[in-house]
Amino acid sequence: MNRRRHTTAAITVICALAVLASPALTLQAAAAPLPPDAPKKSLEEVRKEIDGLYRQAAVATDAYNLAEERTKEQSAEIVRLARMIVEGREKVEDLKAKAGAAARAQYRNGGLPEGAQLVLTDDPQLFLDAAGRLKAGAKATTDLLGEMTRTQAELDVYAKDAGANWTKLEAHRVKQAQAKKEINDKIAAAKKLESELAAEERERLRRLEEQAQYRAQTTWLDTGILGDLRTGATPEGKKAVEFATAQVGKPYVWGAEGPDSFDCSGLTQLAWAKAGAPIPRTSQEQWRLLPRVAVKDMRPGDLIVYFKDASHIGMYIGKGAMVHAPRPGRNVTIAGAGSMEILGVVRPG
């Protein structure tokens with residue numbers, strides 16, 4: 001049992017270092033109420049409130065990213081339909097020109113339709129030739145009119161679809177604006193709570209955050225999960241891990257997809273794109289659409305989805321660790337895979 005605990009401590013060193021650096025700090029002391037001239041909430045309560053605000057900002061970020069993705073899709077579809085409409089109009093004009101040429105040919109024949117000219121001829125060979133031309137001409141005219149009708153109908157459909165897509169585009173833009181406001185409001189509220197603390201209290205707050213992650217990671221590893229986890233990655237998974245870990249130190253920026261900054265799903269999406277496997281943009285869509293695997297079966301490169309609302313995501317890199325873009329004010333970092341509440345695991349590729 002002692003041997004397993006030593007192994008656990010070694011694996012969770014990333015989460016534990018900051019905590020072990022200040023052994024005199026206890027949870028009880030750190031969570032004690034602040035002095036009377038400071039906010040009446042304990043630091044632990046403040047930590048939970050700030051964490052909740054950033055979680056809400058993460059949910060809004062997912063909504064923003066999804067709306068942005070849909071906006072891009074609708075814009076591209078509108079462009080495609082516009083091209084189809086232009087091509088359709090050009091085709092209609094071409095068909096009209098052909099119809100005009102047929103009418104002019106009839107005029108050159110003295111205004112008599114080919115049927116009348118056929119009745120007036122007394123040459124058997126001319127009669128047969130004219131009858132063939134008449135039949136072919138009738139079919140050509142029918143085909144021409146049919147093609148014009150179909151092309152016009154297609155134009156009507158394209159125009160209707162373009163209108164519907166424009167309506168969707170505007171709706172997604174409204175959702176983007178709403179989500180953007182909510183994100184900024186939640187982040188501003190969290191920063192305000194932190195700014196009201198003295199420098200020493202902010203440092204204690206950071207320690208509390210690290211302790212919470214360390215406790216969660218230790219509890220997760222104490223289940224013996226590490227003995228079940230796979231160590232080998234696929235070639236694609238290895239590429240994704242190499243890219244993601246190379247981004248450590250770059251700042252979290254909501255809505256960012258790289259290369260200089262990332263949000264959580266922007267990092268996982270670009271990492272897997274570099275590995276040759278495109279995946280959805282948001283953590284919630286990655287959870288919803290990618291194949292799921294049991295936590296005990298995850299391997300490096302798999303994505304760990306966190307919290308019941310799938311508002312956060314990281315990439316498992318092996319040995320009980322993951323890489324992720326945590327939240328505003330933090331940089332891409334390596335942390336314990338079990339340092340937050342795990343919803344499940346998905347496997348790109």
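The points below cover the cores, the cavity and the salt bridges of this predicted model.

1. Basis. The model is predicted: local features need pLDDT of at least 70, side-chain atom pairs count only at pLDDT 80 or more, and totals for chains, interfaces and linings use all residues. Residues are numbered from 1 along each chain as its sequence is written, and side-chain values use heavy atoms, with hydrogens and water left out.

2. Main core. The largest nonpolar core has 41 residues, among which Ile50, Trp272, Leu303 and Met315 touch the most other members. A nonpolar core is a set of buried Ala, Val, Leu, Ile, Met, Phe, Trp, Tyr and Cys residues joined through side-chain atoms within 4.5 Å. Buried means under 20% relative accessible area, exposed over 50%, and partly exposed in between (1.4 Å probe, protein chains only). Elements that each supply at least two residues of this core include helix H4 (43-108), helix H6 (124-195) and strand E3 (312-318); H4 gives the most, with eight residues. Helices (H or I, at least four residues) and strands (E, at least two) are DSSP runs, numbered from the N terminus.

3. Second core. A separate core of 15 residues includes Trp220, Leu229, Ile304 and Val345.

4. Salt bridges. The structure holds 20 salt bridges, each a side-chain nitrogen of Lys or Arg within 4 Å of a carboxyl oxygen of Asp or Glu. Arginine 206 and glutamate 210 form one of them (2.4 Å, N to O); both lie in helix H7, four residues apart, about one turn of the helix. Arginine 206 is partly exposed at 30% relative accessible area, whereas glutamate 210, at 15%, counts as buried.

5. Bridges across the chain. Glutamate 209 pairs with arginine 330, their closest N and O atoms being 3.0 Å apart. This pair links distant parts of the chain, 121 residues apart: helix H7 and the loop between strand E4 (321-324) and strand E5 (333-336). Lysine 308 and glutamate 341 also meet in a salt bridge (2.9 Å, N to O), and the two are 33 residues apart. Lysine 308 is exposed at 70%, while glutamate 341 is partly exposed at 37%.

6. Lining of the largest cavity. Its residues divide into three nonpolar, six polar and two charged; Ala, Val, Leu, Ile, Met, Phe, Trp, Tyr, Cys and Pro count as nonpolar, Asp, Glu, Lys and Arg as charged, and the others, Gly among them, as polar.
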